[in-house]
Amino acid sequence: MEQTVQTAIRCRGITKRFGEVVANDGIELEVRYGEVLALLGENGSGKTTLMNMISGIYHPDEGVIEVDGAPAAIGSPADAQALGIGMIHQHFKLVEPFSAMDNIVLGTKEKRLPAKALRRKVLELCETYGLTIEPEKPVREMSVSEKQTVEILKVLYRGARILILDEPTAVLTPQETDKLFAILRQMRAKGCAIIIITHKLNEVLAISDRVTILRRGRSVDTVETAGVDAARLTELMVGRKVSLSIRRPEPKDPQTILKVVDLGVTRPDGSAALTDVNFTIRTGEILGVAGVAGSGQKELCEVLAGLLPAQKGAALYHKENILGKSPAEIINLGISMSFVPEDRLGMGLVAGMGMTDNMLLKSYREGKGPFVDRAPARALAESLIKELNIVTPGTETPVRMLSGGNVQKVLLGREIESGPNLLITAYPVRGLDINSSYVIYDLLNQQKEKGVAVVFIGEDLDVLLELCDRILVLCHGRVTGVADARTATKEQIGRMMTGEEVDL
Amino acid sequence: MSQTKLHSEPLLRVVKRAERPAGQAAALRAVAVVLSIVAGGVFLLALGQNPLAVYGTMLSGAFRSAMAIQGTVRYAIPLCISALAVTLAFKMKFWNIGGEGQLIMGAVFASYFALYHANLPHVVLLVIMALAGALGGGLWALIPAVCKVRWGTNETLFTLMLNYIALYIVQYLRDGPWRDPESAGFSKVARFDKNVALDKLFGVHIGWVIALVLTVVIWVYLRRTKQGYEIAVVGESQDTARYAGIPVRRVVLRTMFLSGAVAGLCGMVQVAGQDMTLSIGVAGGVGFTAIIVAWLCQLHPGMIALVSLCFGVMEKGSGVVQSDLGLSADCADVLQGVILFFILASEFFVRYAFVARKKGGAR
């Protein structure tokens with residue numbers, strides 16, 4: 001079948017400034033119908049800014065966005081929709097109690113169709129693109145990947161032929177990711193233009209036809225995916241050669257430091273968050289925790305930090321039960337949490353304070369008298385800036401103004417400086433680019449070599465398998481197994497994450 | 001593909017801007033002050049007054065004599081102390097709009113000793129009254145804090161409603177147990193004994209010294225102490241505070257007590273320094289104006305002292321304008337409102353910028 005390749009979107013010299021910061025600097029980008037374009041770049045390289053301009057949320061200061069060959073003034077998301085552009089955001093924008101089809105038509109200007117006709121229309125759309133969905137199912141009963149399907153249907157229903165997906169795989173299991181990619185391939189075959197933002201190089205290589213690489217707000221290159229490998233992409237993204245293998249030193253003299261026995265936790269709404277959880281953590285090793293988002297990772301962290309009461313079981317730290325102790329008591333035992341929730345600044349750091357005051361967060365009680373001594377904290381902040389190459393205008397700049405990678409370094413740096421015996425870190429590289437991620441892995445390995453017991457709650461299975469010594473897999477708050485990271489495969493872990501007991 | 005009809009880009013867009021340099025922000029605020037004076041002048045012209053004369057009278061009225069200056073300071077004192085009081089709670093993002101009620105309860109507690117223990121040695125009596133005032137205000141503030149911590153009640157509504165209850169308590173005391181038997185016609189609380197009066201320094205009761213000392217103390221407390229640090233963390237994020245091992249509930253209760261205590265102390269200063277009796281006008285809306293002052297100063301204690309004085313000038317000056325030029329009290333209030341409006345609006349321009357649509361769409 002011969003088809004003329006038609007350009008869907010062409011960006012020419014797009015520049016966008018936020019105050020002093022130039023987020024996009026003369027960006028050139030082109031996506032054609034019938035192809036998947038991956039947009040790759042480090043944090044703060046301007047990917048999301050660019051996509052927000054294409055979908056009408058921001059307006060470029062300079063440059064032209066052409067849609068179907070004609071310059072388009074995309075003044076609002078409604079304009080983008082009229083031009084056939086649909087964006088699927090990382091955080092779903094769905095009405096939970098509504099059914100899938102109600103969510104799909106929500107906000108369209110057309111007259112409300114009778115349920116039957118609507119259902120038929122939705123199912124037809126599903127068939128066209130190879131999606132599966134139950135139109136009457138309420139969104140709140142759906143899994144993450146089903147919700148994502150609804151989001152995709154939402155934009156397709158509005159006639160979108162140009163789809164933008166912002167980190168769509170961040171919340172999916174490997175199996176679900178494969179399914180999503182199958183859908184994307186089908187849409188490509190139907191002639192859609194797809195732009196996908198992701199940090200994961202293997203996914204870029206698996207799904208895209210071409211890759212546009214952004215670095216510090218500029219589009220540095222666009223390459224055919226077939227002609228490159230992960231190392232080359234990293235090099236383009238970072239601007240120099242980077243080794244992609246993660247170091248994994250052998251654990252030295254592992255001793256059990258924390259033993260969790262029959263832990264049971266109920267959420268405030270009465271549902272079980274963790275059920276009969278048993279595992280041990282040893283010094284000098286990294287224990288990975290894998291699981292689909294919402295499998296009980298958050299509750300596990302909060303229980304061990306003393307923020308959430310446990311209903312059953314015990315957590316024995318040096319044979320002493322820490323359940324029921326206050327957060328302050330647990331901090332004094334040398335258990336350190338660098339818990340990074342979805343919004344990164346939600347816990348662990350005070351967004352509106354500078355680095356100095358954030359360094360004080362857990363240590364401000366030290367020293368006699370009613371006054372806070374900020375001098376050591378400032379010195380610590382300064383030494384962290386140097387050691388970890390934290391990019392910040394100064395120690396008093398509010399951390400909310402820093403980029404994601406730098407925020408992460410501030411948080412982890414502080415936790416490590418407190419000299420913990422047990423370091424629990426949740427999603428420390430979430431949303432981070434390759435370079436920053438490797439800095440974090442190195443930091444964790446250094447701690448491991450110093451004999452600290454490290455718990456790494458992660459989402460990228462490739463990383464878990466390369467970095468950790470053992471991997472604990474959670475599914476619906478139960479432990480489905482503890483795998484040896486040196487021998488387990490990605491498929492095994494993925495199956496355990498969906499609840500299968502796997503013989504290892 | 002047919003040309004799609006597009007919604008046009010709005011003529012003006014509001015964009016959140018990166019932090020402005022401090023100098024620029026200060027310049028903007030200065031412009032706002034000038035504009036407010038101009039707008040107020042237009043208003044005065046419309047009334048047939050000469051704006052320059054009115055403004056001149058206002059300024060000279062506030063400063064023309066030692067007595068005028070003393071009057072100005074007397075207006076500023078309660079404003080400054082109660083603005084400092086609510087600042088403590090606001091730093092914690094606890095919306096204490098009950099400064100008025102806490103001030104009144106402080107006045108009530110202090111008045112008890114003024115009425116029934118007036119024969120105590122002068123200094124002892126004043127210290128007891130100050131402590132009683134602080135206790136009264138503190139306990140009054142503790143009520144909404146306890147309910148917030150225990151049951152998650154809305155502190156804004158709660159503190160607001162307690163203002164009225166405090167006011168009616170004064171009314172009850174005035175009409176009932178504390179009624180001055182010697183007052184023949186309408187009921188009132190008896191005038192305090194001379195022994196109760198706050199000492200004077202440079203012709204003004206020492207409330208102004210208390211206000212200045214409190215300004216420094218609260219600045220140090222918020223910026224330099226562990227407790228002040230805890231307040232800031234709790235205000236930014238309770239989750240983070242809990243994670244860091246800060247006892248959030250205790251911090252909330254303690255801070256609200258202190259906030260109320262400072263307001264209560266203000267009540268004591270008012271009854272012993274200014275009114276020499278307890279009346280339902282003891283607070284007279286100061287607790288509410290204090291909220292405006294605190295926000296205007298972005299919760300900075302030093303600025304609060306300064307801005308309170310400016311409010312004192314306006315207050316005293318418009319009083320003189322009333323008597324000298326016959327401008328009604330309502331007009332003076334409108335003038336004050338205009339000035340406030342401009343200054344508050346300038347904060348919007350400090351944080352946001354307007355971007356005009358470019359010709360021919362994005363180019």
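**View 1. Contacts between helices α3 and α12 of chain B in the predicted model.** From α3(B), the residues B:A68, B:G71, B:T72, B:V73, B:Y75, B:A76, B:L79, B:C80, B:A83, B:L84 and B:T87 meet a set in α12(B) made up of B:P301, B:I304, B:A305, B:S308, B:L309, B:F311, B:G312, B:V313, B:E315 and B:K316. Helix α3 of chain B spans residues 66-91 and helix α12 of chain B spans residues 301-325. Their axes are 7 Å apart and the packing angle is about 140 degrees. Angles over 145 degrees would count as roughly antiparallel; α3(B) and α12(B) are therefore oblique to each other. The crossing of α3(B) and α12(B) is right-handed.

**View 2. B:I81 in the largest nonpolar core.** This core has 244 residues. The members that touch the most other members are B:I81, B:V262 and A:V473. Beyond its neighbours within four places in sequence, B:I81 is in contact with B:I210, B:A211 and B:L214, and also with B:V262, B:L265, B:C266 and B:V269.

**View 3. An open sheet of six strands in chain A.** The strand order is β6-β7-β8-β3-β9-β10, and the pairing is mixed. Because β6 (85-88) and β10 (218-224) of chain A stand at the edges with a single partner strand each, one side of each is left without a neighbour in the sheet. On average, neighbouring strands of this sheet are turned by 20 degrees against each other, direction ignored. Helix α8 of chain A, residues 230-238, packs on the sheet and touches β3 (35-41), β9 (210-215) and β10 of chain A. The direction of α8 makes about 30 degrees with that of β9(A).

**View 4. The pairing of β6 with β7 in chain A.** Strand β7 of chain A covers residues 162-166 and runs parallel to β6(A), with four bridges joining the two. A:G86 has A:L163 in β7(A) as its bridge partner.

**View 5. B:D180 in a loop of chain B.** The loop lies between α6 (155-175) and β2 (200-201) of chain B. B:D180 has 14 other C-beta atoms within 10 Å. A residue counts as buried at 20 or more such atoms and as exposed at 12 or fewer, so B:D180 is partly exposed. Not counting residues up to four places away in sequence, B:D180 touches B:K188, B:V189 and B:A190. B:A190 is 10 residues from B:D180 in sequence, and the C-alpha to C-alpha distance between them is 4.7 Å.

Conventions: Residues are numbered from 1 along each chain as its sequence is written. Chains are lettered from A and ligands numbered from 1 in the order in which they are written. This is a predicted model: local features need pLDDT of at least 70, side-chain atom pairs count only at pLDDT 80 or more; totals for chains, interfaces and linings use all residues. A nonpolar core is a set of buried Ala, Val, Leu, Ile, Met, Phe, Trp, Tyr and Cys residues joined through C-beta atoms within 7 Å. Two residues are in contact if their C-beta atoms, placed from the backbone, lie within 7 Å. Two strands pair if DSSP finds at least two bridges between them. Axes are lines fitted to C-alpha atoms, for helices over the stretch in contact, and angles run from 0 to 180 degrees between N-to-C directions. Angles under 35 degrees count as roughly parallel, over 145 as roughly antiparallel, 65 to 115 as roughly perpendicular and the rest as oblique. A crossing is left-handed if the near helix is turned anticlockwise from the far one by less than a right angle, and right-handed if clockwise.
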